[in-house]
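Dear colleague,

Please find below the structure I am handing over to you. My findings follow after it.

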Amino acid sequence: MTDLMVTGGAGFIGSNFVRHVLEATDCSVVNLDLLTYAGNPASLTGLDPNRHHFIEGDICDAELVGRLFAEHRPSALVHFAAESHVDRSIDDPGAFIRTNVVGTQTLLDAALDFHQGGHPEFRFVHVSTDEVYGSLKAGEPAFTEQHRYAPNSPYAASKAAADHLARAWHRTYGLPVMITNCSNNYGPYQFPEKLIPLILINALEGERLPVYGDGQQRRDWLFVTDHCRAILRVLEAGTAGRVYNIGGNAEMANLDVVHLLCDLLDERVPASRPRRELIEYVTDRPGHDRRYAINAERIRAELGWTPSVDFSRGLAETVDWYLANRDWWQRIRDGSYRSERLGVSRGVGQKVAGAGG
Ligand SMILES: NC(=O)c1ccc[n+]([C@@H]2O[C@H](COP(=O)([O-])OP(=O)(O)OC[C@H]3O[C@@H](n4cnc5c(N)ncnc54)[C@H](O)[C@@H]3O)[C@@H](O)[C@H]2O)c1
């Protein structure tokens, strides 16, 4: 691998992946990101400008995507770009269909042209989620790669559709695609609308801690760097056409995660009263899945990957990162991150990201 193309690399997992690739390999990265509200150039500061090339643009822009393939001739594409927040998908499903489905098709088409145009070694990793499998009942076995698809939210349905396209482009056209379905990630640079950073920051600021329903929804948590390691492993050694489930073997009820966060903060930044008292139960999200759990045996047995950070250590590291990087999340909270560009080198396809958020 020499040049990797990454989409969505200004988002949470994508920015962690870019950082990981630059640290762990000799590869250069071409990073295509539209800088929607979820994309933040401040997550990419300090990267070597000779090895990281940021392109502000849309994965749905076929002309731009085709040009990037021609200019950079990547050995692989790792596709993270997506609308990713379930609550937003309930309010505005159209944006999810556009980016997650049409955008994925645009990338698959461009990748196929490139692959068939004299680049047989090219590989495509499509990054997806365990939410495509729907919800498990208590005691049911964890999702394997054979589990039937049963997406329940517009977000999950759009990701499921994209997974099907990725599979079809392999089966029909022979594009070397691998699909990864991962459980909930947490760690540095996660946008504060998601559970862990939202609770962490609200708790730090002494604000109410909204918990959906009874807080007993169960998720399997994986530290983001472990997800990045898994994707790199799939890229290097995965079998074309294969699906790999990725999980942290750390199933927790949301309420227990909130309690842990409160306790970690109370230890580090004592407040006048225990932060657990800030918890407020709010009306549950419609269609809210009760439980996800991942069986990651295939990627362990075939590619030798296992998670390296256990949940208590990863959560403590995450709390410490948010405490040490207040500037990063405060600029998101006050909206100023949308108008700042913080010296990320940019190339063709620029569009001015809209203000607000
Ligand atoms: N966060 C999780 O827990 C999790 C778990 C499993 C899988 N995933 C998948 O991993 C991927 C990344 O998730 P994340 O949490 O980092 O998401 P994120 O919302 O933090 O980042 C998404 C990025 O994609 C960019 N983007 C959105 N629309 C675009 C477009 N049309 N063209 C170019 N760029 C665009 C955004 O600007 C942003 O930088 C997604 O595909 C998601 O489905 C996430």
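Is the crossing of helix 4 and helix 5 left-handed or right-handed? In this predicted model, the crossing of these two helices is right-handed.

The helix pair may be described first. Helix 4 covers residues 93–116 and helix 5 covers residues 154–173. Their axes come within 9 Å and cross at roughly 15 degrees. Because angles under 35 degrees count as roughly parallel, helix 4 and helix 5 are roughly parallel to each other.

The residues that meet are as follows. On the side of helix 4, they include P93, F96, I97, V101, L108 and L112. On the side of helix 5, Y155, A161, A162, L165, W169 and Y173 are among them. By class, the contact of helix 4 with helix 5 has 14 nonpolar, five polar and two charged residues.

Three strands make up an open sheet with mixed pairing, in the order 7-9-11. Strand 7 (184–186) and strand 11 (251–253) are the edge strands, each pairing on one side only. On average, and with direction ignored, neighbouring strands of this sheet are turned by 50 degrees against each other.

Strand 7 and strand 9 (residues 218–223) run parallel and are joined by three bridges. N185 has L222 in strand 9 as its bridge partner. Helix 7 (residues 224–237) packs on the sheet, where it touches strand 7 and strand 9. The direction of helix 7 makes about 70 degrees with that of strand 9.

Yours sincerely

Technical notes. Residues are numbered from 1 along each chain as its sequence is written. This is a predicted model: local features need pLDDT of at least 70, side-chain atom pairs count only at pLDDT 80 or more; totals for chains, interfaces and linings use all residues. Side-chain values use heavy atoms; hydrogens and water are left out. Axes are lines fitted to C-alpha atoms, for helices over the stretch in contact, and angles run from 0 to 180 degrees between N-to-C directions. Helices (H or I, at least four residues) and strands (E, at least two) are DSSP runs, numbered from the N terminus. Angles under 35 degrees count as roughly parallel, over 145 as roughly antiparallel, 65 to 115 as roughly perpendicular and the rest as oblique. A crossing is left-handed if the near helix is turned anticlockwise from the far one by less than a right angle, and right-handed if clockwise. Contact means heavy atoms within 4.5 Å. Ala, Val, Leu, Ile, Met, Phe, Trp, Tyr, Cys and Pro count as nonpolar, Asp, Glu, Lys and Arg as charged, and the others, Gly among them, as polar. Two strands pair if DSSP finds at least two bridges between them.
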